[in-house]
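Hi everyone, thanks for coming along. Let me put the model up on the screen, and then we can walk through a few parts of it together.

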Amino acid sequence: MVANSPSSPLVSLDRVRAARAVAEELGVDVVVVTPGSDLRYLSGYSAHAMERLTALAVPRRGEPLLVVPRLEAPMVDASPAGALDLELLAWDETEDPFARLAAAVTARLGTTPARVAVGSRTWAEHALGIQRALPGATLELASPVIDRLRMVKTPAEVAELAAAGAAIDRVHARMGEFLRVGRTEAEVGADVAAAILAEGHVSVDFTIIGSGPNGASPHHELSDRVVGAGDLVVVDIGGETATGYRSDCTRTYVVGGSAGAEVAEWYAVLQQAQQAATAVVRPGVTCEQVDAAAREVITTAGWGDHFIHRTGHGIGLDTHEAPYVVAGNELPLEPGMAFSVEPGIYLAGRCGARIEDIVVCTDDGVRSLNRGPRELVELPG
């Protein structure tokens, strides 16, 4: 490895060792992750996903190894992974990287692995290549190993998420510059995307600008619909920071007018639901109990059929990751778990509203990483 490879306070061999310990506890012989957030989390290497195999293999015995095309080996050394002193297995174009990976893992274990856990977003051709090279092994998902680690953020990771949240709050605070009567959703979205980058993100993950009836579609794409006076507009935005950590925050606006009495009534219910779900967060409370806290408020008020998605999702190196705040998830919260709290009410063909904050479970309660106003914000036309 190159001596001057950059280190990162967010990545260390402790993560790899922790993955090995969990794998051993679960009876998994080797964990194999390919380009994506799992690889970046464990090694600090942000590799490009392609047909050539790049993979980090963490056997339950022996040292981990990073399998890369030889032409990309210098990129590993230049990344934070270079400072970890991982064994690098560089393969040439005429070699079978899957066979080399299988041989190296078998040598470390002293036997052919029986259980091989692969990353949940591993390309099928790579998973099948691993299976072909280890015909006696059973392939399974690595999520039970890696999610267990990634769900609980370190203080340094929480600081990154907090910085991302503060940046996206600043974009929402500027919404009056962008969101005006007579502009299309696409025009607003382009300005918002530029602002996300200007506020310190390195890329934009999504800009949902759902005006009028489009606000009733939670994952609405930008369109050429023109924002009209009195429209409710759902603005859900987020992006990636330089360290890979994400932002995600939703606010609802009314443009060039005021909300009518009915909207004000059910929006108040939505606010109460978001507050109730946030307030219940503490260690030991389950994910489904957080979901239930929001859902009960909305259902009791008669709007339950219009809350059509889970209450939240984890966030970190991915915008959507474990834990998922949804009915049926009995996972207890732990300090360091970061996730969204985002109930919504959607009236098909008319309008919708959502309030979303990223929160972190603390030792004795909850910390919200988004600070902007949660009331229905009125913007001039």
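Let me start with a question: is Arg148 buried, partly exposed or exposed? Arg148 counts as partly exposed, because its relative accessibility is 37%. For the terms, buried means under 20% relative accessible area, exposed means over 50%, and partly exposed lies in between, with a 1.4 Å probe and protein chains only.

A word on the ground rules. This is a predicted model, where local features need pLDDT of at least 70, side-chain atom pairs count only at pLDDT 80 or more, and totals for chains, interfaces and linings use all residues. Residues are numbered from 1 along each chain as its sequence is written, and side-chain values use heavy atoms, with hydrogens and water left out.

Back to Arg148, then. Arg148 forms a salt bridge with Glu25, and the closest N and O atoms are 2.7 Å apart. This pair links distant parts of the chain: Arg148 sits in helix 6 (residues 143-150) and Glu25 in helix 1 (residues 13-26), 123 residues apart. Glu25 counts as exposed, at 54% relative accessibility. By salt bridge I mean a side-chain nitrogen of Lys or Arg within 4 Å of a carboxyl oxygen of Asp or Glu. Helices (H or I, at least four residues) and strands (E, at least two) are DSSP runs, numbered from the N terminus.

How many salt bridges does this rule give? The count comes to 29. Another one joins Arg225 to Asp231, with the closest N and O atoms 2.8 Å apart. Here Arg225 is partly exposed at 26%, whereas Asp231 is buried at 12%.

Next, Arg295 and Asp291 meet in a salt bridge, at 2.9 Å from N to O. They lie 4 residues apart in helix 11 (residues 287-300), so about one helical turn separates them. Arg295 is partly exposed, with a relative accessible area of 24%, while Asp291 is buried at 2%. There is also a network: salt bridges that share partners join Asp38, Arg121, Arg150, Lys153, Asp318 and Glu321.

Staying with helix 11, let's look at its packing. Helix 10 (residues 261-279) and helix 11 pack at an angle of about 160°, with their axes 8 Å apart. Axes are lines fitted to C-alpha atoms, for helices over the stretch in contact, and angles run from 0 to 180 degrees between N-to-C directions. The two helices are therefore roughly antiparallel, a label for angles over 145 degrees, with under 35 being roughly parallel, 65 to 115 roughly perpendicular and the rest oblique. In the contact (heavy atoms within 4.5 Å), residues of helix 10 including Val269, Leu270 and Ala273 meet residues of helix 11, among them Val290, Ala294 and Val297.

An open sheet is formed by 6 strands in the order 4-3-2-1-5-6, with mixed pairing. Its edge strands are strand 4 (87-91) and strand 6 (138-141), each pairing on one side only. Two strands pair if DSSP finds at least two bridges between them. Strand 5 (residues 115-118) and strand 6 pair in the parallel sense over 4 bridges, and Val118 stands opposite Leu141.

Last stop, a hairpin. Strand 13 (residues 344-347) and strand 14 run antiparallel, joined by 4 bridges, and Ile345 has Ala353 as its bridge partner. Between the strands are 3 residues, and Gly349 takes a positive phi near 80°. Strand 14 (residues 351-354) is covered on both faces: Cys351 and Ala353 on one side, and Gly352 and Arg354 on the other, are all buried.
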